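User: I am new to this structure. Please show me how to read its features, one at a time.

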Amino acid sequence: MPMDPVGRFLAALDPDHREAIGAKPREEQERLAAAWERELETDTELDTLDELSPPAAEEEAARRVLDEGTG
């Protein structure tokens with residue numbers, strides 16, 4: 001059974017960020033997961049990386065979303 005977007009987003013994070021985001025309210029997790037999905041869909045550099053390594057593309061998109069949210 002596939003994970004929901006929040007579960008997929010959390011799985012793409014490194015352990016420290018996964019724990020921190022996992023402690024946030026569900027609404028915030030959903031907002032970040034939606035931003036992550038948009039990043040995966042719209043970034044052409046990630047499209048190329050996705051062809052080579054889907055997990056690496058997901059990790060990079062997650063990092064970018066967190067950088068935008070905290071930067």
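Analyst: Start with the nonpolar core. A nonpolar core is a set of buried Ala, Val, Leu, Ile, Met, Phe, Trp, Tyr and Cys residues joined through side-chain atoms within 4.5 Å. Keep in mind that this is a predicted model. Its largest nonpolar core has 17 residues. Phe 9, Leu 13, Ile 21, Trp 36, Leu 40 and Ala 62 touch the most other members.

User: Which helices each supply at least two residues of this core?

Analyst: They are α1 (5-12), α3 (26-42) and α5 (54-70).

User: Is Phe 9 buried or exposed?

Analyst: Buried means under 20% relative accessible area. Phe 9 has 0%, so Phe 9 is buried. Trp 36 is buried too, at 0% relative accessibility. Leaving aside neighbours within four places in sequence, Phe 9 contacts Ile 21, Leu 32, Ala 33, Trp 36, Ala 62 and Leu 66.

User: How many aromatic pairs are there?

Analyst: The count is 1 aromatic pair. The rings of Phe 9 and Trp 36 have centres 5.8 Å apart and planes at 55°, so the pair is tilted. Phe 9 sits in helix α1 and Trp 36 in helix α3, so the pair ties together parts 27 residues apart in sequence.

User: How do α1 and α3 pack?

Analyst: Two packed helices are described by the angle between their axes and the distance between the axes. For α1 and α3, the angle is about 75° and the axes are 9 Å apart. That makes α1 roughly perpendicular to α3. Residues making the contact include Phe 9 and Ala 12 of α1, and Leu 32, Ala 33 and Trp 36 of α3. By class, this contact has 8 nonpolar, 1 polar and 4 charged residues.

Key. Residues numbered from 1 in each chain as written. Predicted model: local features only at pLDDT ≥ 70, side-chain atom pairs only at ≥ 80, totals over all residues. Heavy atoms only, no water. Buried < 20%, exposed > 50% of the residue type's maximum accessible area, 1.4 Å probe, protein only. Helix = DSSP H or I, 4+ residues; strand = E, 2+ residues; numbered from the N terminus. Contact = heavy atoms within 4.5 Å. Phe/Tyr/Trp six-rings, centres within 6.5 Å; stacked < 30°, edge-to-face > 60°. Axes fitted to C-alpha atoms, helices over the stretch in contact; angles between N-to-C directions. Parallel < 35°, antiparallel > 145°, perpendicular 65-115°, else oblique. Nonpolar A, V, L, I, M, F, W, Y, C, P; charged D, E, K, R; others polar.
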